[in-house]
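Q: Hi! Could you walk me through a few features of this model while I have it open?

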Amino acid sequence: MALTRRQFLKWAGVTGIGAVVFNGCRVPDHEIQVQSPVEMPEDLVTGRDNYYATAAQLGLASEGLLVRVMEGRAKKIEGNPDHPVNTGKHGIRAEALLQALYHPDRIKHPLLRIAKGGPFRRIDWTEAIERLTAIISDRDPNEVLLATPLLRGRAADVVQAFADGSRIRLQGFDALGCESVAREALRQLYGQNAQPDFDIAHASYILNFGADFLGTWINPTHYSRGYGEFRQGDGRSRGRLVHVGARYSTTAAAADHWVYATPGSEGLLAMSIAYTMIDEGTADSDAASALTGGHGARALQAFAPERVAARIGVDAHVISELAHELADKKHHPALVIGGGPAAAQANGLFNMLAVYALNALVGSVNRSGGLVFNPEPVSGRVSSASLREWKQTLADMRSGDITAVLVRESDLAYGLPGALDARGALRSVDTIVSFSSFLDETSELADLILPCHTPLEEWGTDEPNPGPGYTTIGFQQPAVNRFHDTLSFGDVLLQTGSQLGLPGLPWENMREAVRSLAQDLHERGRGSVVQPTFAEFWKRTLERGGWWDTGATADGSRPDLPELARSAPAVSSADPSRYPLHLVPFEGIGVGAGQYAHLPWAQSAPDPITSAAWDTWVELNPHTADEMGLKNNDIVIVESSTGRTIRVPVYVNPATPPDVAAVPMGQGHRAFTSYAARRGANVLDILEPTEDSETGAFAWGATRVRISGTTRTRVIPKLEGLEPARQLHGEELIFVHKA
């Protein structure tokens, strides 16, 4: 029988680039179809769907994904079961990428503001690139700032090469930025520039300081997969989890033992545990000698449990019990994790050095079930600048030393502490260019908007940080053709660089940049994809969603351990008599620190502890609320020492410590689409612009507040009903504090 044109076009997809055909994803053969264009020819309408493997960087997280496409439209996102980081699972933020693609408020084409404060007019990309080229070429390079989010993979290579070639300033922006503190601690302790993997799956005991790794910290999808295995035991006893933190988070709720420690005292607790282990001879002798300079426990006498218990808010016998559990061989391998609010303090580096040093004392460094080192990345990385650096940058904007700001998904006007008045600093700048797909607070001030693709429309790569302990590169490919007159951010820089004649940019577009990396990997002749020709390697790598080499691990050698501090650094804070409550901000499970607030699925994801969504609230202990005469849904004024305030309703939570006010981040936008604007309050606005004393990182967990009532109420949208339970697990929680 003759092959018809319709059959030929239908089955041509079998050899089409990028469609998933490997067995790891268990995709039936009939689903292997050529990708359909957005405006699909009638003779290709078959009613069947394709699956395209891709990768997405979601803040610090990285996920390999499968995108189900039917007739040119992306319909569903699933985790890629072949990707070693998330192994078939995915989070709500990855699922919501579909809504970014189809969002009704997307900026659909380049826009030029007619006059300062005036309306925009539509322009084409030829004029847009010409204007961007003129903005850069007409200025001294030091006067131009390029602000981007955390970048990895090929996008980071292109951005760094563009900045190096043009000699403009490049700064990474992350509203929280505290991961830099933990990274610095790991660099000082173990000489690691790449963040290690936390091998939760193979641990028997986990002691966690502040990191909500099952909720929002770094890569919860990856950690949750490991946690499932940790609890199963795999022939061993069920793993034990102890969580130290100031808020009853998702991870605290899953823990066998939750220990409340006064915010900022986590390092004291870790040092006290270290002292106890060394004093009792249960710590690794070589590590103990190195960390104490050969002086043993007497070097850490200042941290004896009975001396620091009152400052930590934990009884001395509890500290000793934690030390005994951690050192107990039947609990090994043991793993100690630290991050989140514990790192976001003025003494954050001290805290993280103390926390991560415990892994050396229990022999869990670069071993299964402990900290597993990752190799150096193949591609580059744009890390977040510290708050100290951003303060200087804002000062340069006000003084006129920076006259042009280029921003890509870096909402400076929203994400920096309100006391710094980033919005005012941006208004002092002559020209602002935004590459955002949505009109956020910073894009509102822009003179030129060059909207970029969403993650499902562009080429790129991503090297997870942390990786799984070996080289892993996820490949990002367009699952659909572009929907609007947008352009990849990398392509904008490459075209602009070509017009400027910049060196170090050998690629014509992002697809070629990705292909050149694939060519390098093909020449290695090893890893998850090995093919005789590059054409076949390229096709198979895209089908599989990436390339990984389990044999490419980190060098196990490390420098000698440094000595730990013999005393805790002095930390000043607001007057407790005027501001009696510790403010504990926490990321929204869907909206994060506000960067996903424009996506309705992220907005509607209920907080796992309170079941609240779409709003901001303050969690108070029942006794604290009673003393203030407050009840659920009462609107209160939360004020910090900056003099700035937010108004939010009360959520009375029996699991909130009496001296804590916990407030979710992510709301309070004045723009950023109709789903985010004028909803809740921005807790970042009242945070004190405190820095970690050594790294200059943003100490967003170091603010104290006071609360005053109003006569107004507002019902918090939540799933649990009108009144939360006053009791937890049938017993009222009691928090013990030492004066």
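Q: What's the volume of the second largest pocket?
A: About 650 Å³ for the second largest pocket, and bear in mind that this is a predicted model.

Q: Which residues are closest to its centre?
A: Thr262, Pro263, Arg311, His582 and Arg704 are the closest to the centre, out of 30 residues that line this pocket.

Q: And how does the lining split by class?
A: There are 13 polar and 12 nonpolar residues in the lining, plus five charged ones.

Q: Switching to helices: at what angle do H9 and H12 pack?
A: At about 65°, with 9 Å between the axes of H9 (residues 266-279) and H12 (residues 316-327).

Q: Is that crossing left-handed or right-handed?
A: H9 and H12 cross in a right-handed way.

Q: Which residues meet there?
A: H9 brings Leu269, Ser272, Ile273, Thr276 and Met277. On the H12 side they meet Ile319, Leu322, Ala323, His324, Leu326 and Ala327. By class, that contact has eight nonpolar and three polar residues, with no charged ones.

Q: OK, new topic. How many salt bridges are there in the whole structure?
A: A search of the whole structure turns up 33 salt bridges. One of them joins the side chains of Arg544 and Asp82, at 2.2 Å from N to O.

Q: Where do Arg544 and Asp82 lie?
A: Arg544 is in helix H19 (residues 534-544), while Asp82 is in the loop between strand S3 (73-79) and helix H2 (92-95), so the pair ties together parts that are 462 residues apart in sequence.

Note on methods
Residues are numbered from 1 along each chain as its sequence is written. This is a predicted model: local features need pLDDT of at least 70, side-chain atom pairs count only at pLDDT 80 or more; totals for chains, interfaces and linings use all residues. Side-chain values use heavy atoms; hydrogens and water are left out. On a 1 Å grid over the protein atoms alone, a cavity is a set of points where a 1.4 Å probe fits but cannot get out, and a pocket is an open set with protein on both sides within 12 Å along at least five of seven lines; lining residues have an atom within 4 Å of a point. Grid points are joined across faces, edges and corners, and a volume is the space filled by probe spheres set on the points. Ala, Val, Leu, Ile, Met, Phe, Trp, Tyr, Cys and Pro count as nonpolar, Asp, Glu, Lys and Arg as charged, and the others, Gly among them, as polar. Axes are lines fitted to C-alpha atoms, for helices over the stretch in contact, and angles run from 0 to 180 degrees between N-to-C directions. Helices (H or I, at least four residues) and strands (E, at least two) are DSSP runs, numbered from the N terminus. A crossing is left-handed if the near helix is turned anticlockwise from the far one by less than a right angle, and right-handed if clockwise. Contact means heavy atoms within 4.5 Å. A salt bridge is a side-chain nitrogen of Lys or Arg within 4 Å of a carboxyl oxygen of Asp or Glu.
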